[in-house]
Amino acid sequence: MRVSPTGWRHLVGLLILLSPALVWAHGVAEDDQAFIEGISGVALLPFLYLGAKHMVTGYDHLLFLFGVIFFLYRLKEVGIYVTLFAIGHSATLLFGVISGTHVNPYLIDAIIGLSVVYKALDNLGAFEKLFGRQPNTKAAVLIFGLFHGFGLATKLQDLQLSKDGLIPNMLAFNVGVEIGQLLALAAILIVMGFWRRTAVFPRQAFAANVVLMTAGFVLTGLQLTGYLLTT
């Protein structure tokens, strides 16, 4: 499949626009940080809202899920993969915050970047061409979901969270994350539905996954650079 020079320029421009967002994909806005740290006791609705807001603005999550559903045409298949991701994401998010288990955020975010690279390569058929076989995609989505959850947990661990009501608040936050994920996926699926009906989709699908792969490498490189500069 070939992409015109004009098409590549548009795709490269999109990548440049996305790059700053990729760097801060797991960040928590300063206003939200102050609000979270000021809460004492059970506050389910605020944490539900903040969880949904994070997922809708969590570009690394959305890039990965975009890659996951790129060639899924049946809602049943979409549901299976999204559920696997949600299980992994929820498990490590709750475990990381409640247990206090800390992992270097730069390394976790670098792995999250590689998850985007993996899914783009998978969509491009690179593993079958290079190794003669494709990894188990369901297992991969579940495993990378674990890393995505830990990535968010590392950011929440940096905040001064009140122990009073911590567990119910984190459960509410987690539910909010999943609600935000469903809302974002609904929007993506609507756009994908129209895009897939166009005659140019086969050509643009290849280019889109190349850009997705490049975005993952950019995220990984930036996070590894941050790790090296802070150690």
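1. Read from the N terminus, the elements of the protein run α-α-α-α-α-α-α-α-α-α, and the secondary structure accordingly comes to ten helices and zero strands. Please keep in mind throughout that this is a predicted model.

2. Of the 231 residues in the protein, 49% are buried. When contacts between residues at least 6 apart in sequence are considered, 86% of them join residues at least 24 apart.

3. Two packed helices are described by the angle between their axes and the distance between the axes. For helix α5 (residues 75-99) and helix α8 (residues 137-157), the angle is about 35° and the axes lie 7 Å apart. The crossing in which α5 passes α8 is right-handed, and the residues of this contact divide into 16 nonpolar, nine polar and one charged.

4. How many cavities of 30 Å³ or more does a search of the whole structure find? The search finds one, and about 60 Å³ of space lies in the largest cavity.

5. The lining of the largest cavity consists of Ile 36, Ile 39, Gly 41, Phe 47, Leu 161, Ser 162, Asp 164, Leu 166, Asn 169 and Met 170. By residue class, this lining divides into six nonpolar, three polar and one charged, while its largest share, three residues, is contributed by helix α9 (residues 166-196).

Notes
Residues numbered from 1 in each chain as written. Predicted model: local features only at pLDDT ≥ 70, side-chain atom pairs only at ≥ 80, totals over all residues. Heavy atoms only, no water. 1 Å grid on protein atoms, 1.4 Å probe; cavity = no way out; pocket = protein on both sides within 12 Å on 5 of 7 lines; lining within 4 Å. Points joined across faces, edges and corners; volume = space filled by probe spheres on them. Helix = DSSP H or I, 4+ residues; strand = E, 2+ residues; numbered from the N terminus. Nonpolar A, V, L, I, M, F, W, Y, C, P; charged D, E, K, R; others polar. Axes fitted to C-alpha atoms, helices over the stretch in contact; angles between N-to-C directions. Left-handed = near helix turned anticlockwise from the far one by under 90°. Buried < 20%, exposed > 50% of the residue type's maximum accessible area, 1.4 Å probe, protein only. Contact = heavy atoms within 4.5 Å.
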